[in-house]
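Subject: Structure for your review

Dear colleague,

Please find below the structure that I am handing over to you.

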Amino acid sequence: MKPEWPEDAHRGLWVYLEQQGTLLPVGHELLGKGRELADELGESLTAIILGHGIGDLGREAIRYGADEVLVVDHPLLEGYTTDGHAKVMAQLIEERKPNILLFGATYDGRDLAGRLAVRLSTGLTANATRLEVDREKGLLLSAVPGFGGSILAIIKSEHGRPQMSTVRPGIFAPLEPDDTRKGQIETVAVDLRPEEIRCRVVERSVLPREEIGSAERTLVAGMGTGGDLALLEELASLLEASIGVTRPLVDNGVAGRERQVGSTGVSLRSKLAIVLGASGASHFVSGLRDVGTVVAINTDENAPIFDEADVCVIGDLFELLPPLIERLEKAKMGMA
Ligand SMILES: Cc1cc2nc3c(=O)[nH]c(=O)nc-3n(C[C@H](O)[C@H](O)[C@H](O)COP(=O)(O)OP(=O)(O)OC[C@H]3O[C@@H](n4cnc5c(N)ncnc54)[C@H](O)[C@@H]3O)c2cc1C
């Protein structure tokens with residue numbers, strides 16, 4: 001089938017960087033991976049930043065790997081709206097014709113990418129965990145786990161441009177920021193009127209969020225805790241660890257969605273993860289793949305989590321944690 005776009009007309013890899021005064025961490029991750037892919041394709045890496053009062057964020061994008069930054073600064077882009085952001089993005093894409101466009105798989109990133117895919121009649125891969133390119137054909141290959149991480153589907157978009165993917169936060173490592181990197185920042189003027197935005201943001205409150213994906217040490221609570229995280233919190237403070245949970249604990253309101261580890265949550269990159277009272281369902285363990293050392297504590301010696309763990313402790317977490325906490329406290333006070 002003949003492509004509907006002139007093959008050589010679409011060039012460049014774009015990353016859409018979400019900002020809330022500062023760039024979201026997933027933006028740094030997209031720049032790191034985008035840099036690698038753009039170099040492989042021999043194309044340039046362009047960062048897109050939309051908002052109002054954007055300040056120095058363009059420079060930050062260059063320090064983290066962009067060759068070029070397109071900044072759209074407009075009062076109607078102050079907060080995210082589907083209509084406003086989609087109109088501006090569609091205009092930029094239609095004028096400048098990128099080959100590939102990546103978004104973070106955040107609430108707003110997923111919303112915007114979906115709207116654009118329909119508007120531009122192009123393909124969109126959701127929640128990619130691995131990205132590669134086919135250099136010969138200029139194709140983006142996005143890997144998405146399916147069936148709880150037991151298969152990895154490689155999705156390519158042979159029809160429509162740009163080729164788009166949303167990328168799961170916490171998967172790719174950002175580059176070290178380099179103050180000496182040079183790049184171009186272009187401010188683009190857009191025509192955006194209030195009547196084009198059909199919803200009105202009455203109030204916006206941003207909850208303080210701990211990014212558990214990149215923590216050095218993480219304790220992960222499962223249903224075996226019965227939703228009582230008091231001991232885990234004590235241990236976490238002694239180990240300077242963050243706390244993640246399995247999905248049922250999120251569904252039961254014990255913790256926020258941002259703490260969920262697994263295929264529909266966060267992928268951990270910790271050096272150490274201690275998993276307490278989680279059975280080891282495939283949807284959950286796919287979030288542990290990049291952890292250095294996994295310690296699992298479970299009362300059931302046949303729990304599947306023990307197939308994934310480097311250190312297996314068969315026992316009741318409520319019996320094991322108090323003496324461990326006591327010993328760590330003593331060690332901290334120099335009494336051990
Ligand atoms: C499409 C889809 C996506 C999903 N995505 C995710 C996801 O991203 N993340 C996720 O976590 N789940 C996800 N799930 C749910 C997943 O399949 C499991 O249901 C879930 O991970 C089980 O959580 P759990 O291990 O905490 O609970 P359980 O399976 O109930 O396991 C509890 C474990 O605790 C042990 N235990 C009990 N008491 C103690 C004790 N006192 N001390 C030590 N051990 C004890 C038990 O032996 C048991 O092994 C998804 C499911 C679907 C269908």
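The notes that follow describe the domains, the sheet, the ligand shell and some individual residues.

Please bear in mind throughout that this is a predicted model.

Domains

The domain assignment divides the protein chain into domain 1, residues 13-196, and domain 2, residues 217-332. The centres of domain 1 and domain 2, taken over C-alpha atoms, are 33 Å apart. Eight residues from domain 1 and nine residues from domain 2 make up the contact. On the side of domain 1 that touches domain 2, two residues are nonpolar, five are polar and one is charged.

The five-stranded sheet

An open sheet is formed by five strands in the order β12-β11-β13-β14-β15, with parallel pairing. At its edges are β12 (242-245) and β15 (311-314), each of which pairs on one side only. From one strand to the next, the twist averages 20 degrees.

Strand β13 (residues 272-276) has four of its five residues buried, and it is therefore largely enclosed by the rest of the structure. Strand β11 (residues 217-221) pairs with β13 in the parallel sense over five bridges, and here T218 stands opposite A273 of β13. Strand β14 (residues 293-298) also runs parallel to β13 and is joined to it by five bridges; in this pairing L276 stands opposite I297 of β14.

Helix α5 (residues 230-239) lies across β11, β12 and β13. Relative to β11, helix α5 runs at about 175 degrees.

The ligand shell

There are 26 residues around the ligand, of which G222, G224, T246, G262 and S279 come nearest. Two or more residues of the shell are given by each of α6 (247-251), α7 (282-285), β14 and α9 (317-332). By class, the shell holds ten nonpolar, 13 polar and three charged residues.

Residue R269

R269 is located in the loop between α6 and β13. R269 counts as buried because it has 20 C-beta neighbours inside 10 Å, and 20 or more is the cut-off for that class. Apart from its neighbours within four places in sequence, R269 is in contact with G170, G213, S214 and D290. R269 and A61 are 208 residues apart along the chain, and their C-alpha atoms are separated by 23 Å.

Backbone geometry

The peptide bond from R161 to P162 is cis, with omega near 0 degrees. P162 belongs to the loop between β8 (151-156) and β9 (163-167).

K97, although not a glycine, has a positive phi of about 55 degrees. K97 sits in the loop between α3 (82-96) and β4 (100-104). With 15 other C-beta atoms within 10 Å, K97 is partly exposed.

E240 is likewise not a glycine, and its phi is positive at about 50 degrees. The loop that holds E240 lies between α5 and β12. E240 counts as exposed because it has 9 C-beta neighbours inside 10 Å, where 12 or fewer is the limit.

With kind regards

Methods:
Residues are numbered from 1 along each chain as its sequence is written. This is a predicted model: local features need pLDDT of at least 70, side-chain atom pairs count only at pLDDT 80 or more; totals for chains, interfaces and linings use all residues. Domain bounds come from an automatic or database domain assignment. Two residues are in contact if their C-beta atoms, placed from the backbone, lie within 7 Å. Ala, Val, Leu, Ile, Met, Phe, Trp, Tyr, Cys and Pro count as nonpolar, Asp, Glu, Lys and Arg as charged, and the others, Gly among them, as polar. Two strands pair if DSSP finds at least two bridges between them. A residue is near a molecule or strand if its C-beta atom, placed from the backbone, lies within 6 Å of it. Axes are lines fitted to C-alpha atoms, for helices over the stretch in contact, and angles run from 0 to 180 degrees between N-to-C directions.
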